[in-house]
Amino acid sequence: MKKIIARTITILTIMIMVLTLAAPVTIQAKAKPKLNKTAITLSVKNSYQLKVNGTKAKAAWKTSNAKVAVVSKNGKVTAKKAGKAVVTAKINRKTYKCKVTVKVGLNKTAITLNEKKVYQLKVNGTKKKPAWKTSNAIIAVVSKNGKVTVKKAGKAVITAKVNGKTYKCKVTVKAASKIGLNKTKVALSIYGTVEKPPKYI
C-alpha cells in the first residue's frame, strides 16, 4: 500500500513538472524608441517639446529648414515663419522624423482674465495689420492694435482678420473676488459679547 501511494505521488509530481515546463512563457517585448509626435502644426513664434520615448540615450536633433522651424539640443521646436520643415532625432544610427507645419496665427487662442485686466494679442507670421473685433463689447473690448481690455465677468471672442483669413481668441473674464468685513466697528463687553457703545447724555 505504501509503495502504491509513493508511486502515485511520484507520478503526480512528474506530471506537474511536465505541465509547468510546457506552459507558455510570456516575454514582455521591449518598447521601441519613438517620437512623442510625428507631425505637429504651430503658429509662428510658438514652441513644442519633442521627445524620444523608450530610450535613455541622448538624441542628436536637426531641422531641415531653419528659416521655418529651429530645434534645440533638447528637442524644443520653435516656429519661425510660415512653411514646412522636418525635425529629425538621431539615436544609435536610427533616425526619427517629425513633420512641422508652421502657420500664421494668434499668439493665444484662449485667455482667462480677471475684471479690468488687459492682454496684448498679436498675429504672428505676417507684417500686415489685422482688423480687430470683439463679439461682446460689454465683456471685453479690443483696440486697433490688438490690446484686449476686459470689462466684466462673462465670455467673448476676439477676432483678427488679415490676408482674407480670420483668427479667433476665446476670452473668459472672471469676477473679481470681494473680501471685506461685515462691520468696521464693534464694541465688546467684558464677557466677550457684542454690545452697542454706551450713549452719553
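## Close-up views of a predicted model

**View 1. An open sheet of 3 strands.** In this open sheet, 3 strands follow the order S3-S7-S6 with antiparallel pairing. Strand S3 (47-49) and strand S6 (69-71) are the edge strands; each has a single partner strand, so one side of each lacks a neighbour in the sheet. From one strand to the next, the twist averages 20° (axes are lines fitted to C-alpha atoms, for helices over the stretch in contact, with angles from 0 to 180 degrees between N-to-C directions). S3 and strand S7 (residues 76-79) run antiparallel and are joined by 3 bridges; two strands pair if DSSP finds at least two bridges between them. To find one of these bridges, look at Gln49, whose partner in S7 is Lys76.

A quick note on reading these views: the model is predicted, so local features need pLDDT of at least 70 and side-chain atom pairs count only at pLDDT 80 or more, while totals for chains, interfaces and linings use all residues. Residues are numbered from 1 along each chain as its sequence is written, and side-chain values use heavy atoms, leaving out hydrogens and water.

**View 2. The whole protein chain.** Here you can pick out 1 helix and 18 strands; helices (H or I, at least four residues) and strands (E, at least two) are DSSP runs, numbered from the N terminus. Of the 201 residues, 25% count as buried, where buried means under 20% relative accessible area, exposed over 50% and partly exposed in between (1.4 Å probe, protein chains only). The chain exposes about 15800 Å², with carbon and sulfur atoms supplying 57% of it. Areas come from the Shrake-Rupley method with a 1.4 Å probe, and for residues only the protein chains shown count as cover. Among contacts (heavy atoms within 4.5 Å) with a separation of 6 or more, 46% are between residues 24 or more positions apart.

**View 3. Strand S8 and its partners S5 and S9**. On one side of the pairing list, strand S5 (residues 60-63) meets strand S8 (residues 83-91) in the antiparallel sense over 4 bridges. Lys62 has Thr88 in S8 as its bridge partner. S8 also pairs with strand S9 (residues 94-103), again antiparallel, over 9 bridges, and Lys90 is partnered by Thr95 in S9. The hairpin of S8 and S9 has 2 residues between the strands, and Asn92 takes a positive phi near 50° there. As you follow a strand, keep in mind that side chains in a regular strand alternate between the two faces of the sheet.

**View 4. Thr159 in strand S17**. This strand covers residues 154-162. Thr159 counts as buried because its relative accessibility is 17%. Neighbours within four places in sequence aside, Thr159 is in contact with Ala131, Trp132, Lys133, Thr166, Tyr167 and Lys168.

**View 5. Val118 in strand S12**. Strand S12 covers residues 118-120, and Val118 is partly exposed, with a relative accessible area of 45%. Not counting residues up to four places away in sequence, Val118 touches Leu113, Lys147, Val148 and Thr149. The C-alpha atoms of Val118 and Val150 are separated by 6.4 Å, although the two residues lie 32 residues apart along the chain.

View 6. Leu12 belongs to helix H1 (residues 2-22) and is partly exposed at 47% relative accessible area.
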